[in-house]
Amino acid sequence: MGRRPLVLAVFLALVLASACGDGASRSAAPGAAGPVSPALLVSAQAEPRQVVYTGDLVVRVASLRKATGDATRVATAEHGFVFSQATDQDGTTLTVKVPSDRFDATVAAMAKLGKELSRNLKAQDVTADVVDVEGRLRTAQASADRLRALLAEARTPADVVAIEGELTKRETEIETLQGRLRVLNDQVALATLTVRLTERNDLKVTTDLPGFLGGLRTGAIALVNTGQALLVVLGFLLPFLPFALLAVWALRRYRRRHPRAPRAGPPAWVPPPPAAPPAEN
């Protein structure tokens, strides 16, 4: 019985220390409030810079099919690959992944496929993010190791349940941090270039206009559709027709029984009497 309080005391101290370590690690993350840990700054300065390269390139080409094949060969020659490809009526968009040290060469080779219309390149330094995630991962792993040691020494079911609950939290945090670190490392290792290929916008006579038979067929379809629409309207109004006829009959009968009084017109114009002839002397 004397060992249980000792195990619980050590367990609580371990949880508090782990929580404090996680809080200090999070406060050292970029953009977080509070002072940055000096150890984190020294580690970030000692580590090589971790940079993520991305870019967008628009190139006008003479043949879309040929340029698409050439762009794929360029990506392969630069030890990369085409991550995705999408084609629409205006052109083809390729997303290319290449090693970061081959990014500039890839951009230059893609620009030579035709006439370069636009270029937008970005570089994001994620060194502090990588160092922060690595530090939090080491802390979580050390905490999990200590919890496993305590779990081996637990003697009561209550101790086992409490320690296993904290151990599950630590293992979940470790998996999340490992996934975040893999994403950062992949972004640093492989640069991303989006290449938009479009053909020349020369003025061409379109051959997609319909001929006489096509126009006649379109007109016939429009006529049939109009007739169907009129039939639908007629079918909708037909149930209301008896009520409308009854209302008209009632109105006419009412007017016959209650004729309106004729309106008084303007007085008829009466010509003035002729003037009397002048009297003779």
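**Tour from Gln50 across the sheet**

Select Gln50: leaving aside residues up to four places away in sequence, Gln50 touches Gln124, Asp125, Val126, Thr127, Val130 and Val188 (contact means heavy atoms within 4.5 Å). Gln50 sits in the loop between H2 and strand S1 (51-61). Helices (H or I, at least four residues) and strands (E, at least two) are DSSP runs, numbered from the N terminus. Gln50 counts as buried because its relative accessibility is 18% (buried is under 20% relative accessible area, exposed over 50%, partly exposed in between; 1.4 Å probe, protein chains only).

This is a predicted model, where local features need pLDDT of at least 70, side-chain atom pairs count only at pLDDT 80 or more, and totals for chains, interfaces and linings use all residues. Residues are numbered from 1 along each chain as its sequence is written, and side-chain values use heavy atoms, with hydrogens and water left out.

Next, show the strands. An open, mixed sheet of 5 strands runs S2-S3-S5-S1-S4. Strand S2 (81-88) and strand S4 (115-125) are the edges; each has a single partner strand, so one side of each lacks a neighbour in the sheet.

Now pick S1 and strand S5 (residues 190-199). They pair in the parallel sense over 8 bridges (two strands pair if DSSP finds at least two bridges between them). Val58 has Arg196 as its bridge partner in S5.

Finish by colouring on pLDDT, the predictor's confidence in each residue, from 0 to 100. The chain averages 78. Helix H4 (residues 103-111) is highest, at a mean of 94, and helix H2 (residues 38-46) lowest, at 47. Over residues 202-207 pLDDT is below 50.
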